[in-house]
Amino acid sequence: MELFKIRKDIPFMRHALVLNAVSFITFALAVFFLFSRGLHLSVEFTGGTLMEVSYSQPADLQKVRGTVGTLGFSEVQVQNFGSAREVLIRLPAQKGVSSAQQSEKVLSALKANDPDVTLRRTEFVGPQVGDELVEDGLKALAFVVIGIMLYLAIRFEWKFAVSAIIANLHDVIIILGFFAFFQWEFSLAVLAAVLAVLGYSVNESVVIFDRIRENFRRYRKMNTVEIIDNAITSTISRTIITHGSTQIMVLSMLFFGGETLHYFAMALTIGICFGIYSSVFVAAAIAMWLGIQREDLIKPIKKDNDPSDENSGAVV
Amino acid sequence: MNRYPVWKYVILVVALLLGVVYTLPNFFGEAPAVQVSSAKATIKVDTSTLQKVEDALKTAGTTPQSVVLEGTSIRARFDNTEQQLKAKDAIQKALIPDATDPQFVVALNLVSRSPAWLSALHASPMYLGLDLRGGVHFMLQVDMQAALTQRLESLTGDLRSTMREKDIRHGGISRNGQNIEIRVRDAQQQEAAKRLITDQFADLQTREVSNGTELSLVVSIKPESARKVQEQALKQNITTLHNRINELGVAEPVIQQQGLDRIVVQLPGVQDTAKAKDILGRTATLEVRMVDESTEARAAEQAGGLVPFGTERYMERDGRPLIVKKQVVLTGDNLTDAQPGFDSQTQEPVVNLTLDAKGARIFKDVTRESVGKRMAIILFEKGKGEVVTAPVIRAEIGGGRVQISGRMTTSEATDTALLLRAGSLAAPMEIIEERTIGPSLGAENIAKGFNSVIWGFVVIVAFMAIYYAMFGLFSGVALGVNLLLLVAILSMLQATLTLPGMAAMALALGMAIDSNVLINERVREELRNGASPQAAIHAGYDRAWATIFDSNITTLIAGVALLAFGSGPVRGFAVVHCIGILTSMFSAVLFSRGLVNLWYGGQKKLKSVSIGTVWRPEAGTAVKAD
């Protein structure tokens with residue numbers, strides 16, 4: 001079976017300007033929504049109490065809301081979680097009241113109304129922990145960005161490093177934009193997914209850059225644009241297939257993983273789709289604008305052979 | 001060219017065998033068990049305890065599958081929960097004759113059903129996180145400021161008495177925030193006080209302050225001593241938590257320090273969260289102070305007006321007020337044990353306290369000076385103090401053994417002892433994070449995680465086999481080996497598997513296939529360009545390797561960042577993610593190559609390989625421009 005029967009190199013770079021404009025608009029929209037709507041942060045970041053309770057019959061949300069409301073909490077969120085019988089209750093952090101008291105008060109009030117309610121889980125996070133998580137999250141992001149840039153700069157060239165990281169940060173912002181636009185809950189798991197996707201979609205850029213480097217070495221007559229077009233064309237089947245396979249796994253999580261993994265899988269899905277787009281259209285285009293050329297990659301001393309390549313010693 | 005030397009095959013086979021052995025225990029499931037462990041540091045679980053347990057089980061008529069002594073605990077495994085409960089009662093009766101002073105913790109637990117030969121190889125199943133097995137997770141913040149303040153309070157008292165002993169006069173000593181201020185009249189006194197502090201109080205540093213005509217000495221705790229105070233406070237709180245949790249009878253509690261001032265407590269399988277919280281949340285500290293028995297104090301006690309200078313009003317447990325001096329004689333630090341008991345002569349219920357050496361010395365001095373007076377033992381819970389008991393000192397008490405007696409019932413004595421024991425927290429704590437997961441949710445999470453991994457895996461392998469034919473099948477097998485090795489390594493490390501960890505496992509498989517796709521596409525391309533099958537395989541693997549290496553490194557950088565900065569669920573994800581990347585490099589490159597070499601490598605005149613359609617564009621079109 002072969003899905004990709006491409007006769008000629010596809011002139012991706014001819015449309016680079018248009019595609020970059022598209023990227024820029026999506027990016028700007030994402031930033032706009034991030035600022036205008038903000039992220040719907042989970043309890044882990046904001047601090048507060050989360051309770052999941054389950055009833056034997058479909059729950060009456062209005063009644064639950066009323067019961068919790070009488071306890072004097074401000075801004076209580078009550079919603080279904082997974083099925084109609086499970087209810088998620090979110091209480092904001094309160095000064096001076098311990099978590100233990102909060103959740104117990106709510107549960108006993110609910111029990112008084114309907115004795116067969118059972119507590120499935122509670123989660124309480126103090127406000128100081130939330131602040132730290134935001135800080136740690138940003139630190140992790142900085143670490144990933146700097147680490148990947150350094151690696152690419154050493155392994156390839158700074159122009160590649162810059163374009164790869166711009167392309168992939170653009171993915172990250174777009175994922176966040178989606179979460180802001182739909183007001184999906186941004187939890188720690190989603191953060192993990194975002195960072196994992198950042199590392200993963202840089203892969204894609206690496207594969208294409210690898211090919212560009214190889215092409216520079218092999219096809220001496222081609223100009224930079226042709227080289228890039230050829231590199232993308234010859235790796236496109238692999239790009240689609242690997243991302244497809246990863247997406248199969250992610251879909252499997254989306255379908256079978258339940259509510260807990262839902263947004264995690266969602267973040268990965270968006271990340272994978274835009275990862276393909278940005279590696280193919282954005283990263284290489286930025287590298288082109290930055291003006292990569294043969295001399296950047298082919299150093300006078302030929303040391304590009306991988307040291308672990310068992311044939312590297314056999315050059316005649 | 002596509003042959004592996006024998007040693008490479010040996011490595012592959014050994015890795016595969018190890019993978020199988022260490023993954024196996026995960027398939028046997030768990031059996032109900034009763035676990036016996038020591039409740040006190042002085043008591044050891046050994047073969048004699050094992051004998052007792054076996055005897056108890058025999059007399060109770062239960063038939064355990066096995067009873068083994070493992071490290072510091074005994075585990076008896078049963079066929080069903082009915083037997084388990086019966087056995088627990090029997091063991092409890094045999095090992096703990098006095099329920100008020102338990103020497104062992106007898107708890108219900110689940111243990112792996114895996115056969116003995118696997119356990120002998122130290123192959124045990126992955127440790128399931130709380131979100132998969134249910135239980136309670138707490139993060140407690142230790143109030144270090146309070147620990148320091150407490151230390152300063154007691155140092156202030158020490159300073160006062162030492163200066164009195166050495167006859168150094170001063171104009172008053174008081175604690176002011178994190179400093180102690182000593183007011184002095186002249187430079188000579190200042191110098192004398194300073195010398196005394198440098199000589200006798202190694203933990204303190206001094207600073208001279210002159211404010212116009214007034215001279216004073218500002219004393220503070222040295223930073224390194226402050227750090228030591230904090231470390232000790234944390235350590236003691238952890239010990240205290242251990243003791244409290246022993247009362248709960250949890251089989252495998254986790255109590256760990258996190259960072260400088262936090263403690264994480266995980267109680268797997270605990271369902272009575274209210275009780276757990278209650279026991280942990282008893283953020284109590286204990287102080288022994290003298291009761292002020294002056295007439296002003298008496299008057300204030302009765303009338304409820306202003307209390308004399310240097311004293312405070314606390315309530316006794318029956319609601320009567322008591323005026324107590326501010327100076328702390330002893331803190332919970334110095335109390336090593338408190339047990340209910342009976343007086344050997346009068347047979348009335350008493351509480352027996354044991355003090356450490358320093359406490360005993362102080363106690364001896366104080367009691368010598370104050371025979372006939374009352375002292376109060378105050379328990380501070382969440383910032384509020386309550387007098388537990390305020391006995392009269394009948395005689396000088398030396399040796400650190402203290403007996404509190406008088407007008408107590410047995411249960412009152414037990415309660416008091418428990419409160420006093422619980423009071424030995426060095427600093428107050430607050431729950432800053434809490435997670436409770438019900439058992440049914442845990443089981444559902446396992447099923448969800450498992451289904452995600454399996455379905456994704458099946459679909460990917462099916463696709464690979466269709467698209468790349470034989471090579472796709474090799475890739476599928478390599479992916480299976482990847483999963484096997486990943487689970488084996490996690491089991492070997494006894495890493496905690498959580499739901500995010502299972503998600504990472506699924507994601508690792510999805511990403512791992514990337515390497516095989518790269519290789520297969522490369523081999524196809526070589527064939528398309530007219531290479532012979534053997535050469536195409538060789539070149540495909542070789543050329544793909546550099547790319548695979550690069551791309552895995554970038555993914556690994558993200559994984560390491562998550563590991564370094566993540567906490568809780570993110571860390572569970574990161575561990576699996578990182579290990580998954582490493583195993584995927586091994587299995588996708590070395591293992592699949594091994595299979596290919598084994599299958600095709602021996603054939604000298606290989607005409608074609610089964611790698612699906614190798615489509616060639618018509619001659620003259622420009623895929624290849626060289």
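## Contacts and overall build of chain B

Two residues count as in contact if their C-beta atoms, placed from the backbone, lie within 7 Å. With that in hand, take the contacts in chain B between residues at least 6 apart in sequence: 71% of them join residues at least 24 apart. Keep in mind that this is a predicted model.

Chain B holds 16 helices and 22 strands. Its radius of gyration is 34 Å, while the globule rule gives 25 Å for 626 residues, so chain B is more spread out than a compact globule. The C-alpha trace covers about 115 × 75 × 40 Å along its principal axes. As for burial, 44% of the 626 residues of chain B count as buried.

## A four-stranded sheet in chain B

Have a look at the open sheet of 4 strands in chain B, ordered E2-E3-E1-E4 with antiparallel pairing. Strand E2 (66-70) and strand E4 (104-112) sit at the edges, each pairing on one side only. From one strand to the next, the twist averages 25 degrees.

E2(B) and strand E3 (residues 73-77) of chain B run antiparallel and are joined by 5 bridges. Within this part of the sheet, Glu70(B) is opposite Ser73(B) of E3(B). Helix H2 (residues 47-60) of chain B packs on the sheet, where it touches strand E1 (30-38), E2 and E3 of chain B. The direction of H2 makes about 160 degrees with that of E2(B). Another helix of chain B, H3 (residues 81-95), lies across E1, E3 and E4, and runs at about 10 degrees to E1(B).

Helix H1 (residues 6-23) of chain B packs against helix H13 (residues 439-493) of chain B, with the axes 8 Å apart and an angle of about 60 degrees between them. H1(B) and H13(B) are therefore oblique to each other, and their crossing is left-handed.

Who meets whom here? On the H1(B) side the residues are Ala15(B), Leu16(B), Leu18(B), Gly19(B), Val20(B), Tyr22(B) and Thr23(B). They meet residues of H13(B) that include Val481(B), Leu484(B), Leu485(B) and Met492(B).

## Where the chains touch

Between the chains, 68 residues of chain A are in contact with 68 residues of chain B. On the chain A side, several elements supply at least two residues each, among them helix H4 (99-113), strand E5 (118-125) and helix H5 (127-155). H7(A) gives the most to that side, with 15 residues.

## A buried serine in chain A

Ser103(A) is found in helix H4 of chain A. Buried or exposed, then, is Ser103(A)? It is buried, with 25 other C-beta atoms within 10 Å; the cut-off for buried is 20 or more.

Leaving out residues up to four places away in sequence, Ser103(A) touches Thr49(A), Met51(A), Thr122(A) and Phe124(A). Ala283(A), by contrast, is 180 residues from Ser103(A) in sequence and 49 Å from it in space, C-alpha to C-alpha.

## Two positive phi values

Most residues other than glycine have a negative phi. Gln183(A) has a positive one, near 55 degrees. Gln183(A) lies in the loop between helix H6 (158-182) and strand E6 (185-186) of chain A, and it counts as exposed, with 12 C-beta neighbours inside 10 Å.

In chain B, His122(B) has a positive phi near 60 degrees. You'll find His122(B) in the loop between helix H4 (116-120) and strand E5 (127-128) of chain B. His122(B) is exposed, with 11 other C-beta atoms within 10 Å.

Definitions and conventions: Residues are numbered from 1 along each chain as its sequence is written. Chains are lettered from A and ligands numbered from 1 in the order in which they are written. This is a predicted model: local features need pLDDT of at least 70, side-chain atom pairs count only at pLDDT 80 or more; totals for chains, interfaces and linings use all residues. Two strands pair if DSSP finds at least two bridges between them. Axes are lines fitted to C-alpha atoms, for helices over the stretch in contact, and angles run from 0 to 180 degrees between N-to-C directions. The radius of gyration is taken over C-alpha atoms; the globule rule is 2.2 Å times the number of residues to the power 0.38. Angles under 35 degrees count as roughly parallel, over 145 as roughly antiparallel, 65 to 115 as roughly perpendicular and the rest as oblique. A crossing is left-handed if the near helix is turned anticlockwise from the far one by less than a right angle, and right-handed if clockwise.
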